Amino acid sequence: NRISKMSIKLYAMTCGWLTSDADMMLAGREGKIHFPVPAYLIDHPRGLVLFDTGLHPQCQHDAQGRIGVMANLFQVHFRPGEDIKSRLEALDIDANKIQYLVNSHLHFDHSGGNELVPNAKIIIQQKEWEAGHIPELIHQNGYSLNDYNHGHFVQKINGEHDLFGDGRIVTIPTFGHTPGHQSLKVRLDSGDIILTADACYLKESLTNLHLPRLVHNRLDMLNSLLMLRKLKRSGARIFYGHDPLFWESVPQAPMIIT
C-alpha cells in the first residue's frame, strides 16, 4: 500500500505517575523508581486513535479500592485533570469521538481509562483479550475486569494489524510482558516511531536486555526486545514505556511530536 500523503499528528499525554521498587523494572536493581503513565493520541485523517488510556480516575482518591493488591506494589500519584478524558478535553477533543482504542495490554495503568472512551472500538491481540478473561491468567497477570469489561466493541487481532491500510498506524506483537502484549508503530512524515509500552520499560531495558523481575514469558520478552533493537537500527525512534528520563524529552500535548 502506498503511504498516505496526508499528515497525521501524534500527541503524548501523562496520565499520572507511579512509584515502585526499581526491581519491578530491572530485576535485581535496588532502590525506587518514579515513572510516568503515558497515553498517546494519534489524529489520523480517517479517525482519532488512542494508544492506552492510563489510570482510572478512582485512583486519584482511592487507589487501594481500585487496584487492590497492586497498591502494595505501586504508589499512585494522580491528580484531577490528568485522566485521559481530561487530557483529551484539553485538546478540545470529546472522548466520545475516539474511534479506535489500541490497548497495548490490560494492566491497570494501560487500560484503566477505557471506561472514559465508551464509543471506541478496542483493538487488541486475541491472546491478550483471552488471557484477560481466564481466571487463572487474570490472577497470574494481575488483571482486573473493572478496567476493560465495559461493553466496547472489541476487534481481536493476531500479529500485525494496519488500522487504516495506509501503513501509518500498525500494531506490532511484542509478547512476553503479558501473553498478548503489543506495541504500536506510528509513521510520521519524519519517520517511524515505536510506542513500546511495557515491551520495553526503559532505555536501559533495550540497551542491556535487562528484563524486569515479573515477566509472563521471559523468552518472548527477550525476543520482543531483540525485534525492537532491529527496528531502532533501521532508523525507528523508540518511545520507551515508562522511562522518566526519556519522558522529559518528549513534547507533551498540546505540542505535537514531530
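Before going on, the ground rules. This is a predicted model, with local features needing pLDDT of at least 70, side-chain atom pairs counting only at pLDDT 80 or more, and totals for chains, interfaces and linings using all residues. Residues are numbered from 1 along each chain as its sequence is written, and side-chain values use heavy atoms, with hydrogens and water left out.

C59 is buried, at 6% relative accessibility. C200 is buried as well, at 1%. Buried here means under 20% relative accessible area, with exposed over 50% and partly exposed in between, using a 1.4 Å probe and protein chains only.

Now the sheet. Five strands form an open sheet, in the order β8-β9-β10-β11-β12, with mixed pairing. Strands are DSSP runs of E, at least two residues, and helices are runs of H or I, at least four, numbered from the N terminus. Two strands pair if DSSP finds at least two bridges between them. The edges are β8 (161-162) and β12 (237-240), each pairing on one side only. β8 runs antiparallel to β9 (residues 169-173), joined by two bridges. Across that pair, D162 faces V170 in β9.

Last, H110. It sits in helix α3 (residues 108-111). H110 is buried, at 1% relative accessibility. Leaving aside residues up to four places away in sequence, H110 contacts several residues, including D52, N103, D198 and H242. Contact means heavy atoms within 4.5 Å.
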